[in-house]
Amino acid sequence: MKKINYIKQPNDYLCGQACVAMLAGVTVEEVISVMNNDKGTGKKDIERALNYYGISQAKTMTKADNTSVLPNVCILKALLPKYSHWILYCDGKYYDPEFGVTEELYQKAKIQSYLEIFIEDK
């Protein structure tokens with residue numbers, strides 16, 4: 001597995017772009033230009049950007065909750081008290097664009113689903 005360099009989201013709306021940027025090894029600004037979106041993102045925006053960077057992914061989101069066994073690498077869709085949020089999960093760590101890198105999910109986050117990412121070892 002390649003090393004993930006943590007990227008903090010520059011504002012409240014760029015968690016999806018930050019997750020893609022961490023996986024692709026590029027800046028959030030570059031992902032914004034690829035997505036043509038500097039606001040909140042949906043699943044389709046993230047899938048298109050991952051495809052642009054040649055990052056393989058599952059065909060669909062998998063429903064999950066906080067007790068689910070997660071794949072080695074995935075992008076989580078989580079619900080926080082007032083908004084939805086994207087979090088990168090990799091090798092047992094949560095790379096949360098808002099709250100930092102942790103081994104435990106942010107306590108107020110409720111996982112709704114995940115998009116499995118397939119990373120080839122190089």
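How many residues lie between β3 and β4 in their hairpin? Notes on that and a few other points follow.

1. Ground rules. This is a predicted model, where local features need pLDDT of at least 70 and side-chain atom pairs count only at pLDDT 80 or more, while totals for chains, interfaces and linings use all residues. Numbering starts from 1 along each chain as its sequence is written, and side-chain values use heavy atoms, with hydrogens and water left out.

2. The hairpin. To take the opening question: two residues sit between β3 and β4. Strands here are DSSP runs of E with at least two residues, helices are runs of H or I with at least four residues, and both are numbered from the N terminus. β3 (residues 73-80) pairs with β4 (residues 83-90) in the antiparallel sense, over eight bridges; two strands count as paired if DSSP finds at least two bridges between them.

3. The other partner of β3. β3 also pairs with β7 (residues 110-118), again antiparallel, with six bridges. β3 is mostly covered, with six of its eight residues buried (under 20% relative accessible area with a 1.4 Å probe, protein chains only; over 50% would be exposed, and in between partly exposed).

4. Met-61. Look for Met-61 in the loop between β1 (56-57) and β2 (62-63). Setting aside neighbours within four places in sequence, Met-61 is in contact with Lys-43, Lys-77, Trp-86, Ser-113, Tyr-114 and Leu-115, contact being heavy atoms within 4.5 Å. Met-61 and Leu-115 are 54 residues apart in sequence, yet their C-alpha atoms are 4.7 Å apart in space.

5. The whole chain. There are three helices and seven strands, running α-α-α-β-β-β-β-β-β-β along the sequence. The radius of gyration is 13 Å, close to the 14 Å that the globule rule gives for 122 residues, so the chain is as compact as a globular protein of that length. That radius is taken over C-alpha atoms, and the rule is 2.2 Å times the number of residues to the power 0.38. Along the principal axes, the C-alpha atoms fill a box of roughly 35 × 35 × 25 Å.

6. Inside and contacts. Of the 122 residues, 46% are buried. Among contacts with a separation of 6 or more, 57% join residues 24 or more positions apart.
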